[in-house]
Amino acid sequence: MKIIDFETIKNLALSPSVCLEWVESALRMKYDCCLPSKISLKIDSDIFFNTMPSFIPACGRFGVKVVSRFPKRNPSLQSDILLYDSNSGDTLALMDGSWITAMRTGASAALSIKYLKSSKAKDYAFMGLGNTARATLLCLLSGMNDPLHVRLLAYKGQEQIFMNRFKEYPNLTFSVYDNTEELIFGADVVVSCVTVAHDLFASDVCFKPGVLVVPVHTRGFQNCDLFFDRIYADDTGHVSEFKYFDKFKQFDEFANVLLGQNTGRTSDEERILVYNIGIALHDIYFASKIYDIAKDSFPELTLNMTDEKFWV
């Protein structure tokens with residue numbers, strides 16, 4: 001077994017375009033994989049433990065990610081991944097999941113935007129300006145040279161830090177807003193990476209025809225569930241318990257758009273909502289790829305597990 005730490009994964013310097021490619025490749029094989037719904041233990045409204053297993057036959061790997069959120073911890077979101085060989089059952093690696101979680105989540109959001117934004121989209125609103133938002137914009141910019149205007153929600157100076165991170169991109173311009181309604185009103189794409197929200201972010205009139213809303217963390221957009229033309233999710237199990245699930249006008253999993261089983265956007269007037277909550281398929285696919293790249297850099301550790309029948 002290998003132990004692959006955060007610094008090792010970060011120092012591989014995997015490009016946003018590679019992350020985008022991995023997310024799409026994994027999602028295209030979703031229906032050939034075993035992907036049980038994640039188990040979520042909620043300690044209170046802001047603290048949780050999620051356990052997320054997945055089996056990917058094409059890779060010959062299965063694994064599980066455990067992710068937790070503690071608001072007073074730094075960082076508040078942390079995760080670990082266990083990776084196994086599905087042919088032998090051997091434990092291949094214990095891996096830090098923090099970088100993987102951030103990049104696969106951002107890449108997944110960017111992939112949804114790539115396929116479902118309107119053809120005229122140029123004005124992007126971002127709220128919650130942590131690593132997930134950075135990863136989303138990095139993946140979105142991968143291979144893109146067109147001018148892009150990014151609206152930012154001001155919060156404790158994070159908007160300045162965010163703009164500084166992307167100051168080297170000549171095709172980007174920024175504007176800053178003090179409240180969510182002004183931020184969202186008239187935007188072509190709305191990306192929310194806010195982890196905690198107790199109220200709606202904006203009234204119905206703020207969402208223009210043709211808007212694409214991508215709530216990476218789902219709270220705050222329940223009103224959109226009732227009047228948006230199309231709603232997609234990375235997995236039905238993640239949204240089937242939503243209060244208004246039975247009132248969605250049209251619903252499907254986003255993987256079916258990639259596979260050509262769903263038309264996706266059909267006009268520049270449709271309002272579309274995409275719930276990318278995050279699936280273990282992406283975590284385990286990323287972990288498998290990273291293991292193959294990094295495994296020779298680490299010594300083999302043994303758990304000294306018994307290899308024969310025993311009695312107690």
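Which residue of β14 is the bridge partner of isoleucine 231? The partner is leucine 273. The model is predicted, so to speak of local features we need pLDDT of at least 70, side-chain atom pairs count only at pLDDT 80 or more, and totals for chains, interfaces and linings use all residues. Residues are numbered from 1 along each chain as its sequence is written, and side-chain values use heavy atoms, with hydrogens and water left out.

Strands here are DSSP runs of E, at least two residues, and helices are runs of H or I, at least four, numbered from the N terminus. Two strands pair if DSSP finds at least two bridges between them.

Strands β12 (residues 230-233) and β14 (residues 272-275) pair in the parallel sense over 4 bridges. Both belong to an open sheet of 8 strands, ordered β9-β8-β7-β10-β11-β14-β12-β13, with parallel pairing. β9 (172-177) and β13 (251-253) are at the edges with a single partner strand each, so one side of each has no neighbour in the sheet.

Leucine 148 has leucine 172 of β9 as its bridge partner.

Now the helices. The axes of α4 (residues 131-141) and α5 come within 11 Å and cross at roughly 30°; axes are lines fitted to C-alpha atoms, for helices over the stretch in contact, and angles run from 0 to 180 degrees between N-to-C directions. Contact means heavy atoms within 4.5 Å. On the α4 side, the contact is made by Ala133, Arg134, Leu137 and Leu138, and on the α5 side by Ile161, Phe162 and Arg165.
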